[in-house]
Amino acid sequence: MNVSVLKDYEAMSKAAAEKIAELVNANPNALVCFAAGSTPIGTFEILADLAADKKVDFGSCKFVGLDEWVGMDKTDSGSCQETLWKTLFLPLQIKEENICFFDAKAKDLQQECQRVDQYIMDHGNIDLMLLGIGVNGHLGFNEPGVSFNSLSHVVNLDQNTKSVGQKYFETERELSKGITLGTQHIMDSNTVILIANGAYKAEAVHRMIHGEVTNELPATILQTHRECYVYLEEGAFRR
Ligand code: PGA
């Protein structure tokens, strides 16, 4: 785990965006997976600027969605997919055909899991993931207690995720289940970049870096990832 501590959110976002650009330039056909949520917004803005300046080109990349709230799709304001369209896919002019996202409104969610697993398998594995971390240590919706061998799955959300998740929505939504790539996908991906900011994340970040590897704090598994870069805004880092 390569940990860098940056002075503020802007510097954290810049460090992550530059690393992503470097990796995509080295592998323009990469299969990438970028988390939604609030943390990556600054990184996406910098990536859009880099793309406009022709310093990186995502035109040949494929994108796979990390997770979604069950019962929502891109027509739901605040959903993962809607957030990514607004902040990443539209600014970068990504073609819909290059995006594979869970249909979290599908009748058969198990089939959705299989479809997305197959998509990743057809591409070998994920080349690059950009992740955030939850205050409960989750990665995507890999919640405390998850199996470290998991592929895509539907999950009953942790109480913490249900309450923190309300921040994405204008009016209160019932959040009970999520659909997510698994920790196995994360561990199989060639490079993982994790970003975190804010003192409220410091405890989870500290355990992720220094704690015992346990599925009670899923992000601890990243200690065993072969190519993991962590960019922290200073407030999220505890000495
Ligand atoms: P956030 O979400 O970026 O909105 O803090 C992170 C997460 O829950 O994984």
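Modeller: A polar contact is a pair of N or O atoms within 3.5 Å; within protein, one must be able to donate a hydrogen and the other to accept it, and residues adjacent in sequence count only if both atoms are side-chain atoms. This is a predicted model, in which local features need pLDDT of at least 70 and side-chain atom pairs count only at pLDDT 80 or more, while totals for chains, interfaces and linings use all residues. Residues are numbered from 1 along each chain as its sequence is written, and side-chain values use heavy atoms, with hydrogens and water left out.

Biologist: How far is an N or O atom in the side chain of lysine 201 from an oxygen atom of the ligand?

Modeller: The distance is 2.8 Å. For lysine 167, a polar side-chain atom is likewise 2.8 Å from a ligand oxygen, and for threonine 39 the value is 2.4 Å. The protein covers 87% of the 280 Å² of accessible area that the ligand has on its own (Shrake-Rupley method, 1.4 Å probe; for residues, only the protein chains shown count as cover).

Biologist: Which strands pair with β9?

Modeller: Strands are DSSP runs of E, at least two residues, and helices are runs of H or I, at least four, numbered from the N terminus. Two strands pair if DSSP finds at least two bridges between them. Here β6 (residues 128-131) pairs with β9 in the parallel sense over 4 bridges, and β10 (residues 228-233) runs parallel to β9, joined by 5 bridges.

Biologist: Is strand β9 buried or exposed?

Modeller: Buried means under 20% relative accessible area, exposed over 50%, and partly exposed in between (1.4 Å probe, protein chains only). In β9 (residues 191-196), 6 of the 6 residues are buried, so the strand is largely enclosed by the rest of the structure.
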